[in-house]
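Dear colleague,

I am handing over the structure below, together with some notes on its charged side chains. Please read the notes with the structure open beside them.

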Amino acid sequence: MNTSKMRRKVVPAAVDNGDSADKLDQLLLSASICNGEDVGPFVRKAFASGKPETLLHHLRHFARSKESEIEDVCRAHYEDFITAVDDLRSLLSDVDSLKSSLSNSNSQLQSVAVPLLTTLDSFVEARNKCTNITLAIQSLHTCVQLVELCSRANRHLSENNFYMALKCVDSIEREFMNKTPSSTLKRMLEKQIPAIRSHIERKINKEFGDWLVEIRVVSRNLGQLAIGQASASRQREEELRIKQRQAEEQSRLSLRDCVYALEEEDDDGFNGISDDAKDGNGILGFDLTPLYRAYHINQTLGLEDRFKQYYFENRKLQLTSDFQVSSMTPFLESHQTFFAQIAGFFIVEDRVLRTGGGLVSKLEVENLWDTAMSKMCSVLEDQFSRMQTANHLLLIKDYVSLLGVTLRRYGYPVEALLDVLSKHRDKYHELLLSDCRKQITEALAADKFEQMYMKKEYEYNMNVLSFQLQTSNIMPAFPYVAPFSCTVPDCCRIVRSFIEDSVSFMSYGGQLDFYDVVKKYLDRLLTEVLDGALLKLINTSIGGVTQAMQMAANMAVFERACDFFFRHAAQLSGIPLRMAERGRRLFPLTKARDAAEEMLSGLLKQKVDGFLLLIENVNWMVDDPPQGGNEYVHEVTIFLETLVSTAQQILPVQVLKRVLQDVLFHISEMIVGALLGESVKRFNVNAIMGLEADVKMLESFAESQATLLSEADASQLKAALAESRQLFNLLLSNHPENFLNPVIRERSYNALDYRKVVTISEKLRDQSDRLFGSFGTRGSKTNTKKKSLDALIKRLKDVN
């Protein structure tokens, strides 16, 4: 066979510019056909130009040009063609022999197939019988499976495995009811299947009813446990805060280096209550398995919605019965059971909501909670309105706040409960103030106005350090005699208890910053109750200087105690001490303190007045000034020195200074008053010089107190004698008319009343020759002083 030649691509030869367009088109067409390209463009061009004959002419010309090539190909393959024809003719004889062979084979097949067909008929008959037997066996197998399922269902029923029994019944109804070949079996199934379902429904509902009865007891125990764990958690927090306050106190006092490390504890308070319940063996038998089993069985029975409604209605009835408050038992005794029952109810409902697979909806639980919240608020309002004991109200409030903490962890809003507690804040504090008033009255009534005697260190810690009443951080030697009486620590304990009870009521009530509220009621306790009781005690029970001095010393200690009270309130309220210090008020017991000091001063003045009676023995027309002062001033000085030596043991120096200042001022008034009195008709300069010497002795006493007080305080004591000192300076002055000069008067005589000056000056201006005898000779100097006094008296009378 000749190999085919590779086709070469024909490229039209270039034409001269003189060739015609037809010749070019013919060459392009020939090249495209030779190259196997599409001639469609040439056809479209010919018809578009309206010259299809030209295209046909070109095609014919191309065909004629290729005839010689075709002839060459035919000549090349002519011998092969002839050979093929000869081969075909030789095959004709072979076909004839094959035909006769096939005919013979067919005859032989026909003779052999007849007995095979007979055998086939027998096979078909046997196969039909086999099919019938197979159908019978399948029917029997179906009946066996049905009987086995029935037996299994009976076994599950006997074992109370209701779900598996229902699955067997459903399988029988779905797979065998229409396939059962036995009509008897079918009638039996149609009768028993509904009966089995009814039996399972009754049994499971009975179990659910038993669970409803049991869960009420479990709920109460569960609520008590949950609230108890909330209380334990709160106690741990309190212990941590106490450690923190101790660390802050030690740091503030700088007594010693103390390091406190807060230990972290696992919070296993609430997770252990409900998380184990899903396993069926929860704490206190908190087992929801019967509930979920009943719900699952009812779902399988197609009664899901009815069971949901049945469950919700029964639980709602149980909650309603939990709201009943017994009138036979005081609410103080039954409130824990009442609130624990409700807490346990909603802990169970929270677990059912989260794990019950849609048994209850969130809206239903919220509706139950709203009902419970409304009822609890109503009960609290009613019970709080009846209570007249602060401690009872506090106990119930603490338990309610623990209830709020417990249920808040489960996502229940408790703001309404906290609002009820806040609403009764004022009543609680009024009751608390009333209780403290009674306690303070009893404590003050038992006071003997004696310094407290402490034998042991623990007594010092309990009565002094615990209220920060110490003036030094050095532990004193024992036995120790405190500067205050027993009423001070007794009252401090009462006030501290008030603070702690107030903070306890305000804590955990939803209000974070309650220091201002605690501080307000603490101010009332101190200013209205304690200050009033102390004031009454001072006005009614003090009958001597010793008692008055002890009371004044107590008031000075109370001043330090009040600082502790406000710091203690700030610490318990979680407020930094610097903020408490910034908002500090003045001393709240001011009235009692002033009354105590006034009482002490008044009693001391009475004592001094007894000594000043000796002023009547003064010779007002003495010829020579008395040497060493008059008799009365010695008695007064001895009394004052004795007073200072005694008082400095218990009175703070500032209190002692104020009392001495008041007494010295009174002495000065009494000396001036003696000159003003009607019993003194006249006196001479020598008498005045004697009184001036008395004032010097008193001033020396005041100056000697600089070692006990300070130079500034001693100067203030001396200034208490200003009236008598300035009067004597004026009367003994060579130029008494300077009193009329406003500048000099303001500088040197600002304590004098000009009316007193007139009265006293007139008594000094005697008509006898002895009036100014003390001035020496009756020269011009004496006459000048007389004239000056006369002018002063005349001018002062004109002013008057």
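Predicted model: local features only at pLDDT ≥ 70, side-chain atom pairs only at ≥ 80, totals over all residues.

A search of the whole structure finds 26 salt bridges, and among them is the pair formed by K423 and E381, whose closest N and O atoms are 2.8 Å apart. K423 is exposed, at a relative accessible area of 58%, whereas E381 is partly exposed at 25%.

Helix α10 also holds R386 and D382, which are 4 residues apart and so separated by about one helical turn; their side chains meet in a salt bridge at 3.1 Å, N to O. R386 counts as exposed at 57% relative accessibility, while D382, at 32%, is partly exposed.

In helix α16 (residues 515–541), E528 and R524 are likewise placed 4 residues apart, about one turn of the helix, and they form a salt bridge whose closest N and O atoms are 3.4 Å apart. Both are partly exposed, E528 with a relative accessible area of 43% and R524 with 23%. Elsewhere, salt bridges that share partners join E692, K696, E699 and R725 into one network.

Finally, R187 lies in helix α5 (residues 183–253) and, at 51% relative accessibility, counts as exposed because the cut-off for that class is over 50%. R187 and M177 are 10 residues apart in sequence, with their C-alpha atoms 9.5 Å apart in space.

Technical notes. Residues numbered from 1 in each chain as written. Heavy atoms only, no water. Helix = DSSP H or I, 4+ residues; strand = E, 2+ residues; numbered from the N terminus. Buried < 20%, exposed > 50% of the residue type's maximum accessible area, 1.4 Å probe, protein only. Salt bridge = Lys/Arg side-chain N within 4 Å of Asp/Glu carboxyl O.
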